[in-house]
Amino acid sequence: MIVTENLKKRFGNFWALKGVSFRVEEGETFAFLGPNGAGKSTTVHILTTLLKPTSGRAIVAGYDVVREPKEVRRRIGVVFQDPSLDRDLTAYENMLIHAGVYGIDRPRINELLEFVGLGDFRDVVVRRFSGGMQRRLEIARALLHEPEVLFLDEPTIGLDPQTREKIWRLLESLDVTIFLTTHYMEEAERLADRVAIIDGGRIVAMGSVDELRGIVGGEVIYVRASGDLGLGERLSDGRIKIEVDRAVEFLPKLFKLAEERGVEITEIECRRPTLNDVFLHITGREIREDGGDWIKSAIARRLRG
Amino acid sequence: MRAFRTMVYRQLKRFFRAKSRVVGSVSNSLVWLLFFGLGFSGMVRGYMEILAPGVFAMTIFNHSLMSGISVIWDREFGFLKEVLVAPASRKESIAGRIFGDSIVAIIQGVLILLLSFALVRMDPLGVIPSIVLGFMLAVAFSSLGVYVAMKMRSMEGFQMIISLLMLPIIFLSGALFPLEAMPGWMRCVAYANPMTYAVDGARFYLTHRSYVPPTIDWIALFVFSVVILFIATISFERETIE
């Protein structure tokens, strides 16, 4: 449904994308996971025909995004990172205008507004909508022309946890190929069949969530014990970290070993690696969890000059 | 044509939703007509006949040139992306928007024209051709507004260019004083101003006084508005979000 080959994009002398290649199959939910400035939005803008790549090729729904942008536009629905609604018009009017510029003869506006839970707000001016309501309206709008691929650029950025949960449930119920970008790892873990981790304009890892976890190793067990167990590495907080393939098989052995050595285990924690661990493992940095932190550090940087 | 109609609908809907805008836009022209016009009439006999068609054109000119600012708002609030990513012809969308703004400008022009009839004796039959001329004027300057908005991108840049253009275009159009009162060189510049032909034409049909032959008014205004509209649609066609 989406194929890109060595996609590059340069802004001035900054390379936002340094050669990105991937495929998204029909019916799949594919996530681009990475920190701010990794090139996620640039990729979305190229795939949705708003930016021309400096080099490389991208095929969306069977058409080249540079040579046949109109054919691509007809077949995709887009929810951009920043809202793109007419705030002075009502939900219904926004949908009606969308139907107009997409040439839909009998738009299922009311049906879709009901679907995203905005049936009662049909005639309310969008200016009065909360962030989550605007997002849902944008999703309904993007679905109005029955696209083959739905693009979502940071669909839950800046939304509170309950609202995110609502949007996630809405997206899970959709039966369409989805390309989404996010810097929330739980969003990618929850929604995506496959994930590409992107950093500095390059895909650094790609696969299903389980495959990506496999890069770090199996699972990690943290143990606090009264003595030495003779395995794992000791952490600064006194705990022992043991990397194993399958914790369920290893734990009985661990208890047996402790008994043999006469060591008492006081605390034990098993963790499957998260996508954040994967990112950390590959890049040595964390994906910033919170957009606010990023802004704060940007402001701090500016203040420091 | 669907995208064209849709964008006309959007501009009209937005205008009528903001009722204060309707009142605000007409009141400014009313100030010119009443205070400036009546004041000057004491000095120049029959000045109201000269001014009334001019204020009609000014009302349309002001609104249409300023309407470009909505393109900048759309960029800020993201709606522009919705249009850019749609499969509809961009030329058609922007032309629809320009026509929608032109209709809004004409509504205001007509409103002020009807009010002028209370103050000035004019030919009621002149209203119809004046509306057509006014519409062409509106298309010319809405297109210019859109073009400037696309080139400048920022609110400040747009406002700077617009305020730079606003007064010279008004003074060099004959809206406030007739073309024959201008020195020769000034008149030469006025001929390059599309608004001149709208003012002169409207004056011809409303007060039966004019400087340029009406046929020339029609042709010149038509050519100007088509050319500027064309330039605006081409530049919108090429628009990216870079």
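**Strand β3 and its surroundings in chain A**

In the predicted model described here, strand β3(A) is joined to β9(A) by 4 bridges, and the two strands run parallel. Within this pairing, F30(A) stands opposite R194(A) of β9(A). A further set of 5 bridges links β3(A) to strand β8 of chain A, which spans residues 177–182, and here too the strands run parallel; in this case F32(A) has T181(A) of β8(A) as its bridge partner. Strand β3(A) is mostly covered, since 5 of its 5 residues are classed as buried. The side chains of T29(A), A31(A) and L33(A) point one way from the strand, whereas F30(A) and F32(A) point the other way, and all of these residues are buried. In a regular strand, side chains alternate between the two faces of the sheet.

Not counting residues up to four places away in sequence, V195(A) touches A31(A) and L33(A), together with A188(A), V209(A), L212(A) and L275(A). V195(A) is also listed, with F151(A), A57(B), L137(B) and A198(B), among the residues that have the most contacts inside the largest nonpolar core, a set of 139 residues. The element that gives the most to this core is helix α7 of chain B, residues 127–152, with 14 residues. In soluble globular proteins, nonpolar side chains tend to be buried together.

L275(A), which is touched by V195(A), belongs to helix α10 of chain A, residues 275–283, where the buried residues are L275(A), V278(A) and F279(A). Viewed down the axis of α10(A), these buried residues fall within an arc of 100°, and they therefore line one face of the helix. The elements that cover them include β3 (29–33), α7 (185–191), β9 (194–199), β10 (202–207) and α8 (209–216) of chain A. Just after α10(A), the residue G284(A) adopts a positive phi of about 75°.

At the level of the whole chain, chain A comprises 11 helices and 14 strands, and its C-alpha atoms fill a box of roughly 75 × 45 × 45 Å when taken along the principal axes. Of its 305 residues, 37% count as buried. Among the contacts in chain A with a separation of 6 or more, 68% are accounted for by residues 24 or more positions apart. The domain assignment divides chain A into domain 1 (2–213) and domain 2 (218–272), and the C-alpha centres of these two domains lie 43 Å apart.

Strand β4 of chain A, residues 55–60, is connected to β5(A) by 2 bridges, with the strands running antiparallel, and V60(A) has Y63(A) as its bridge partner in β5(A).

The contact between the two chains takes 24 residues from chain A and 23 residues from chain B. On the side of chain A that touches chain B, the elements giving two or more residues are α2 (69–75) and α3 (91–101) of chain A, and the largest share, 4 residues, comes from α3(A). Classified by residue type, this side of chain A has 10 nonpolar, 6 polar and 8 charged residues.

Most residues other than glycine have a negative phi. E146(A), however, has a positive phi of about 45° and is located in the loop between α5 (131–143) and β7 (149–153) of chain A; with 11 C-beta neighbours inside 10 Å, E146(A) counts as exposed. In chain B, H208(B) likewise has a positive phi, of about 55°, and lies in the loop between α10 (194–207) and α11 (214–237) of chain B. H208(B) is exposed, with 11 other C-beta atoms within 10 Å.

Terms used:
Residues numbered from 1 in each chain as written. Chains lettered and ligands numbered in written order. Predicted model: local features only at pLDDT ≥ 70, side-chain atom pairs only at ≥ 80, totals over all residues. Buried ≥ 20, exposed ≤ 12 C-beta atoms within 10 Å, placed from the backbone. Contact = placed C-beta atoms within 7 Å. Nonpolar A, V, L, I, M, F, W, Y, C, P; charged D, E, K, R; others polar. Pairing = 2+ DSSP bridges. Domains from an automatic or database assignment. Core = buried A, V, L, I, M, F, W, Y, C linked by C-beta atoms within 7 Å. Arc of directions from axis to C-beta.
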